[in-house]
Amino acid sequence: TAAGATVRLGDEANVFDVDTDMLFAGPTSQIRGTRGTPTLPLVTPFCFFPELSCTQGNDLMVPTADTASPPPGSYGRLQVGDGATVDLVPGVAYDFCDVRVGRDGSVQSTGQVTINVTGNIRMGAGSRLWTPAIPNDLPIVLNIGGSATVCSGTICKPTRMANSQLR
């Protein structure tokens, strides 16, 4: 669910539910669920946000069309090449400084996982952040300290962003 007083969805953005007072939606964006009014504050107490950290220089680079299964921990940048897949271990947390997912790339888990990003997330066309084995469930918690840019990719799970925009 994308929720906030103002929500902006870029062209070809794909989200499930949107709760907002003011929606700016690109002409090709898609809301697959419902549109409702947010209950503010979104989190009680407002504004709880976990302290985010990452390990600069401990970058995780997954080449084009490759697959990686990194152990949980603190990383620098996560860069997922076009068509590459990152399988995350369920039941744990991963910390990243920034995340970039190339065209048709996937960051996925088979169960509950927390992804903390101190900086920004950029997802390319056809990319996915999801749990393919658990349809209609919400096991990925995504905490973003910066902004999220989704270029016709899909973020299928709950997202908390501090002073951020989902573009």
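**Exercise 1. Find how many salt bridges the structure holds, and describe where the partners lie.**

Step 1. The structure holds one salt bridge, a term that requires a side-chain nitrogen of Lys or Arg within 4 Å of a carboxyl oxygen of Asp or Glu. This is a predicted model, in which local features need pLDDT of at least 70 and side-chain atom pairs count only at pLDDT 80 or more, while totals for chains, interfaces and linings use all residues. Residues are numbered from 1 along each chain as its sequence is written, and side-chain values use heavy atoms, with hydrogens and water left out.

Step 2. The partners are Asp-59 and Arg-77, whose side chains meet at 2.9 Å, N to O. They link distant parts of the chain, 18 residues apart, since Asp-59 sits in the loop between strand S5 (35-36) and strand S6 (60-62), whereas Arg-77 belongs to strand S9 (residues 77-80). Strands (E, at least two residues) are DSSP runs, numbered from the N terminus.

Step 3. Asp-59 is partly exposed, with a relative accessible area of 31%, and Arg-77 is partly exposed at 39%; buried means under 20%, exposed over 50%, and partly exposed in between (1.4 Å probe, protein chains only).

**Exercise 2. Locate Ala-65, and decide whether this residue is buried or exposed.**

Step 1. Ala-65 lies in the loop between S6 and strand S7 (67-68), and its phi is near 60 degrees, a positive value in a residue other than glycine.

Step 2. With 60% relative accessibility, Ala-65 counts as exposed.

Methods. Helix = DSSP H or I, 4+ residues; strand = E, 2+ residues; numbered from the N terminus.
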